[in-house]
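Here are a few exercises to work through with a model open on your screen. Take them one step at a time, and try each task before reading its solution.

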Amino acid sequence: MTELYWDPFDKTIDMDPYPVWRQMRDEAPVYRNEKFDFYALPRHKDVDDAHLDPDTYSSAHGTVLEIMGPDPLDTGLIIFMDPPAHTMMRVLVSRGFTPRRIAALEEHIRKLSAQMLDPHIGGSGFDYVQDFAAQLPSKVISELIGVDPADREEVREAIDATFHLDPEKGMINDISFMAQIKLHEYFSEQIDARRKNPRDDVMTALTEAEIGTGADARRLTTKEAADFTNLLVSAGTETVARLLGWACSLFAQHPEARAELVADPSLLRGAVEETLRYEAPSPVQGRWTTRDVELYGETIPANSKVLLLTASAGRDERKYPDADVYDIHRRFDSHVTFGHGPHFCLGASLARMEGRVALEETLRRFPTWEIDTENIERLHTSTVRGFAKLPVLL
């Protein structure tokens, strides 16, 4: 019997981590990795509980393993904050994600989908990720944020570069670092421009919003607003692109389910949720313990790195019967792919709508396809899992 081992950097394990995660759930629900000095929680209940307990499981030391350390991060990014500072910032940024703004995007998403999918009608195939799934969410979030159309492709390419994973240096490498600087400079310029010439977009909303009340009230600095913008655009691009890639792959593997979705697009809401449960685009989130934690007779000491295995939680048979079966008719009350509690994904409603509309427009044009398995290219970082290239044969 091979020794149980998992880490988020191992590309071989990452091709199919589910058998290892099942073994961890059964044999090591508090998993310890000495090599990279972290603990991991693979069961749904423990991942969910951790999300709901930010006092114990802090985000302030980073949520990505390779940047986590004993000192809290002073980046101004909301994902690296704990309540009450996080709560105040979340209320602020949520003003940009109003139901009105999100609902107004649905027709825009349909038009963008048509523009990108229609040229492939009658063709032999195309790269579903590069030609569609990676571009659509970038264009949608750019529209919401207020990125000028002429700049959108350059911004998307810079976002992709920030996720570059160097085998020797992890994500802290020159390509990733330079891309982050480029994005921050760009958004800083855009924020300053909004102060002079307001528009109906999220960047303008960030320049006008105030933190605090009364005499303590203040506006966001350019750096804070640019940090917010950078985070929203990056997160809104990357995860939806992976969601659509996984859906394309899974529909090809389950042609009967795909045929049902073609016949009845109303089933897509459930199919999107099942896809999010079955293949979480962001499978791992990091936390830092502020006190000793007792679980299953084990002690996770204070000041430990803990990885919450979102994708493992989605396959936990303690929560989901027949968890390894992909079932678009599955009835379930929740999943943790978007998190839970104070750090629940701000863009969850937008991501769900993008997924539903994009897949509906895909199926309307292409009721069947096969995956060109020999030319697939996987995307691998410590926090994102999916396809970089996914050629389909029509």
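The exercises below use this predicted model.

**Exercise 1.** Find out whether Thr-289 is buried or exposed, and which backbone atoms its side chain reaches.

*Solution.*
- Start with the location: Thr-289 sits in strand E7, which covers residues 284-289.
- Next, check accessibility. Buried means under 20% relative accessible area, and Thr-289 counts as buried because its relative accessibility is 0%.
- Now look for polar partners. The Thr-289 side chain comes to 2.8 Å from the backbone oxygen of Pro-301, and one of its polar atoms lies 2.8 Å from the backbone nitrogen of Ser-304.
- Finally, list contacts beyond four places in sequence: these include Thr-56, Tyr-57, Ile-300 and Val-306.

**Exercise 2.** Work out which residues of the largest nonpolar core touch the most other members.

*Solution.*
- The core has 79 residues, and those touching the most other members are Tyr-128, Leu-136, Phe-187, Phe-251, Leu-350 and Trp-369.
- Helix H12 (residues 222-253) supplies the largest share of this core, with 16 residues.
- Apart from this core lies another of 17 residues, and Trp-6, Trp-21, Leu-309 and Ala-311 are among them.

**Exercise 3.** Describe the lining of the largest cavity.

*Solution.*
- Begin with the count: there are four cavities of 30 Å³ or more.
- The largest cavity holds about 70 Å³ of space.
- Among the residues lining the largest cavity are Trp-6, Asp-7, Trp-21, Val-284 and His-380.
- Sorted by class, its lining has six nonpolar, three polar and three charged residues.

Notes
Residues are numbered from 1 along each chain as its sequence is written. This is a predicted model: local features need pLDDT of at least 70, side-chain atom pairs count only at pLDDT 80 or more; totals for chains, interfaces and linings use all residues. Side-chain values use heavy atoms; hydrogens and water are left out. Helices (H or I, at least four residues) and strands (E, at least two) are DSSP runs, numbered from the N terminus. Buried means under 20% relative accessible area, exposed over 50%, partly exposed in between (1.4 Å probe, protein chains only). A polar contact is a pair of N or O atoms within 3.5 Å; within protein, one must be able to donate a hydrogen and the other to accept it, and residues adjacent in sequence count only if both atoms are side-chain atoms. Contact means heavy atoms within 4.5 Å. On a 1 Å grid over the protein atoms alone, a cavity is a set of points where a 1.4 Å probe fits but cannot get out, and a pocket is an open set with protein on both sides within 12 Å along at least five of seven lines; lining residues have an atom within 4 Å of a point. Grid points are joined across faces, edges and corners, and a volume is the space filled by probe spheres set on the points. Ala, Val, Leu, Ile, Met, Phe, Trp, Tyr, Cys and Pro count as nonpolar, Asp, Glu, Lys and Arg as charged, and the others, Gly among them, as polar. A nonpolar core is a set of buried Ala, Val, Leu, Ile, Met, Phe, Trp, Tyr and Cys residues joined through side-chain atoms within 4.5 Å.
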